[in-house]
Amino acid sequence: MEYIFRIIKPSDAPLLKEFLYLAIYVPEGEQPPAKEITERPELSRYLENWGQPGDLGFIVELKKESKPIGAAWFRQFNKENPGYGFVAENIPELSIAVLPGYRGQGLGRDLLTRIINQARLEGYPGLSLSVSKQNPAVSLYERLDFKHVRDTGDTQVMLRDL
Ligand SMILES: CC(C)(COP(=O)(O)OP(=O)(O)OC[C@H]1O[C@@H](n2cnc3c(N)ncnc32)[C@H](O)[C@@H]1OP(=O)(O)O)[C@@H](O)C(=O)NCCC(=O)NCCS
């Protein structure tokens, strides 16, 4: 499978919304939420008006068809409006999803590696995220040196020092 990465542009907003929906962890056997869930302010704040200072992300596409199959992006939040994975104002929060048929083939790792390297190049001291404790993605994050920093019930906040 040949794929390429490209930077997320403001015109990718509808696509980013699809990936935000896919980034919601649905435990096995449970019904996925309605798509409108991404309209809720606590989720829409991860992508609305994409292209703000500090917004950065990559879409991964199949090379032949230009079909988007995954995305990872980060945005900075502040103390007044902290994201679920908020750690500090200078530490952006990461979101990531890969299309279901393409999971488990290394794309998530490649997206994470790329966005970690880019965040380091831009001088951020770290990248954080919030993840359900049951999500198998936790082991992927641990392999990429994300450390557990906070417990919030069913979810945990993880931080990658840069
Ligand atoms: C998490 C996610 C982005 C990882 O991308 P990926 O391309 O599947 O990841 P990779 O192939 O590089 O790495 C595989 C690892 O991802 C994790 N993983 C999470 N969900 C998975 C799935 N449905 N299938 C396979 N691996 C999955 C596993 O930890 C696996 O590692 P393992 O070998 O220790 O089991 C992707 O599985 C996904 O979109 N999941 C649903 C949305 C989600 O949970 N987003 C993160 C919210 S914090």
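What follows is a chat about the ligand site and a few single residues in a predicted model.

Biologist: Before I start, what should I know about the numbering and the cut-offs?
Modeller: Residues are numbered from 1 along each chain as its sequence is written, and side-chain values use heavy atoms, leaving out hydrogens and water. The model is predicted, and local features need pLDDT of at least 70, side-chain atom pairs count only at pLDDT 80 or more, and totals for chains, interfaces and linings use all residues.

Biologist: How many residues surround the ligand?
Modeller: 21 residues do, where being near means having a heavy atom within 4 Å. The closest are G104, G106, R109, N135 and P136.

Biologist: Which atom of P136 is involved, and at what distance?
Modeller: A polar backbone atom of P136, 2.4 Å from an oxygen atom of the ligand. A polar contact here is a pair of N or O atoms within 3.5 Å.

Biologist: And N135, side chain or backbone?
Modeller: Side chain: one of its N or O atoms is 2.7 Å from a ligand oxygen. For R109, a backbone N or O atom lies 2.8 Å from an oxygen atom of the ligand.

Biologist: How much of the ligand does the protein bury?
Modeller: The protein buries 75% of the 850 Å² that the ligand exposes when taken alone. Those areas come from the Shrake-Rupley method with a 1.4 Å probe.

Biologist: Which pocket is the ligand's space?
Modeller: The largest pocket. A pocket is an open set of points on a 1 Å grid over the protein atoms alone, with protein on both sides within 12 Å along at least five of seven lines. A molecule sits in one if more than half of its atoms lie within 2 Å of the grid points.

Biologist: Which elements each supply at least two residues of the shell?
Modeller: β4 (93–98), α3 (107–121), β5 (126–132) and α4 (137–143). The largest share, five residues, comes from α4. Helices (H or I, at least four residues) and strands (E, at least two) are DSSP runs, numbered from the N terminus.

Biologist: What's the shell like by class?
Modeller: Eleven nonpolar, seven polar and three charged residues. Gly counts as polar and Pro as nonpolar in that scheme.

Biologist: Different topic. Where is Q134?
Modeller: In the loop between β5 and α4. Q134 counts as exposed because its relative accessible area is 53%, with exposed meaning over 50%, buried under 20% and partly exposed in between.

Biologist: Which loop holds S66?
Modeller: The one between β2 (56–62) and β3 (68–75). S66 has a positive phi of about 55° although it is not a glycine. Most residues other than glycine have a negative phi.

Biologist: Is S66 buried, exposed or partly exposed, and why?
Modeller: Partly exposed, because its relative accessible area is 44%.

Biologist: What about phi of D145?
Modeller: Phi of D145 is near 70°, also positive in a residue other than glycine. D145 is in the loop between α4 and β6 (147–152), and it counts as partly exposed because its relative accessibility is 41%.

Biologist: Last one, I91. Buried or exposed, and why?
Modeller: I91 counts as buried because its relative accessibility is 10%. I91 is in the loop between β3 and β4. I91 and F77 are 14 residues apart in sequence and 8.2 Å apart in space, C-alpha to C-alpha.

How values were computed
Polar contact = N/O pair within 3.5 Å; in protein donor to acceptor, adjacent residues only side chain to side chain. 1 Å grid on protein atoms, 1.4 Å probe; cavity = no way out; pocket = protein on both sides within 12 Å on 5 of 7 lines; lining within 4 Å. Buried < 20%, exposed > 50% of the residue type's maximum accessible area, 1.4 Å probe, protein only.
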